Amino acid sequence: ICCFKPVLLRPWLQRYLAANKSISSQMHRVSLAACLLLSACCLYCAHGKDKKAIIKVGGVLQSTGHGANAKKVFELWKKWAASADNKLGFEVDLKWEDFTKEKATEAAKKLTDKTVCKEDCVDVFVCPYGSAGTLAAIKGIPEKSTIPILIWGAAASQIFDEACKDRKCFGTLTKASEYFGGGLSGLKDAAASSKPLSVGLIMKKDPFAEDVARGAKEYMEEDKGFTIVEEASSFEGAIEEKPDLVLVANNNGKEVAEGVLLIGKSTYRPKAILAVNSITNKSITSFQEAKALQFQECLLMPSQWAAKPGMKDDIVGWTPETFTRDLDIGFVTYQAASAAGSAIAVTHALQKWSPEHPEHLWKALKHVDITTLFGKIKYSEDGSISKEKPVYTRQKQEMSNPIVFPEDAKTADLKFPLTTCDTWKLKTEKLRLI
């Protein structure tokens, strides 16, 4: 009765007390006080229960590229949270600071440090794209902070091994050190060589690239099926040494394109070239500008997203198809899908813990174990994504980039060696075929 007719409670009790004069004045006062308290509680029950909790989400994001796309992903999530599809009783308030390398730390502090943001701190912090930018932003978040830190666009191990030690980080990208393992394993099987494959390792001085290279070296040393014959920052040494495989740990698309062009113009033909950021939609521009577009064919690249049709979680319900349609940015990268995975993980954590208490959200995030459009999201003890989510290897094959490794996820067969691809055949080979 209270929850439906709270305003009727006090008059009814007053009439009852008037009819029973024997009740002491003290009892009268206690009863009325209890009545008022119950009325207040019931008014909240009747009206406050419809009020949705507001989850404040903010971060430091770039205004172009992957950062701008991540903003659109979180805007799409905000729209979902405000729709009838959201049954969890929360809405999202977004607050962004523009990213610059020089001010990333200060901007993060502005959003997360209670001595600065007071009562207006965010409940969830979103990192920028890139490992260097992410490391700079995390520095601005107070140590021991319980604010969940979403790392959707960075993968350097240093983030989880060092920067996140006293913070609550949650990453959705596989660590950079694990990028090349699956591709190397697949190439070794394809070569079926009785002797170790020689490898030229080209890397850039950058936290992400150095981590990719370190992981590849550790994998090859343990596997024993590879021999590193060249380790440099440029492609010239690899061309001179002529290794079987060329690994490129450099996330600068322009430098990758120019280096691949050097190989293409030479008479050297490796069995395969495996390079980060080599066949993304954005890399096409880099190869066009370098006049090397034809040599993008058959390059291999590690990827974080299989984009398996129909894959979704059971709350937000985005599939790769609906997400691509609703995001409406044209080509959807795995970085954008990773940002979506982060938002979906927060949604599931909110299901496990009351939205009225976001300070405890990190505890629920630690136990998230779900399938999403991005794949499986489950966090390791250090906050990085579980190894249960594989790294895929894609190959440029004409107008598409199918998955060729791992075997159980492939959507096309590997073209191997590189000279089976027309654009990589030497002129003498072409003449011989004629």
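Biologist: Is Phe90 buried or exposed?

Modeller: This is a predicted model. In it, Phe90 is buried, and its relative accessible area is 0%.

Biologist: How many aromatic pairs does a search of the whole structure find?

Modeller: The search finds 10 aromatic pairs. Trp80 and Phe90 form one of them, and that pair is tilted.

Biologist: What describes a pair of aromatic rings?

Modeller: Two things describe such a pair: the distance of the centres and the angle of the planes. For Trp80 and Phe90, the centres are 6.3 Å apart, with 55° between the planes. An angle over 60 degrees would count as edge-to-face, and one under 30 as stacked, so this pair falls in the tilted class.

Biologist: Which parts does the pair of Trp80 and Phe90 tie together?

Modeller: Trp80 lies in helix 3 (residues 65–81), and Phe90 lies in strand 2 (residues 90–98), so the pair joins parts that are 10 residues apart in sequence. Trp80 is buried too, at 7% relative accessible area.

Biologist: Which residues do ring pairs link into a cluster?

Modeller: The cluster holds Phe74, Trp77, Trp80, Phe90 and Trp96.

Biologist: What form does the pair of Tyr219 and Phe226 take?

Modeller: Tyr219 and Phe226 are tilted, at 6.5 Å centre to centre and 50° between the planes. Tyr219 is partly exposed, with a relative accessible area of 26%. Phe226 is buried, at 8%.

Biologist: Which residue lies over the face of Trp362?

Modeller: Lys168 does, at 3.9 Å from the ring centre. Elsewhere, Lys389 lies over the face of Phe374, at 4.2 Å from the ring centre.

How values were computed. Residues numbered from 1 in each chain as written. Predicted model: local features only at pLDDT ≥ 70, side-chain atom pairs only at ≥ 80, totals over all residues. Heavy atoms only, no water. Phe/Tyr/Trp six-rings, centres within 6.5 Å; stacked < 30°, edge-to-face > 60°. Helix = DSSP H or I, 4+ residues; strand = E, 2+ residues; numbered from the N terminus. Buried < 20%, exposed > 50% of the residue type's maximum accessible area, 1.4 Å probe, protein only. Lys NZ or Arg CZ within 6 Å of the ring centre and 35° of its normal.
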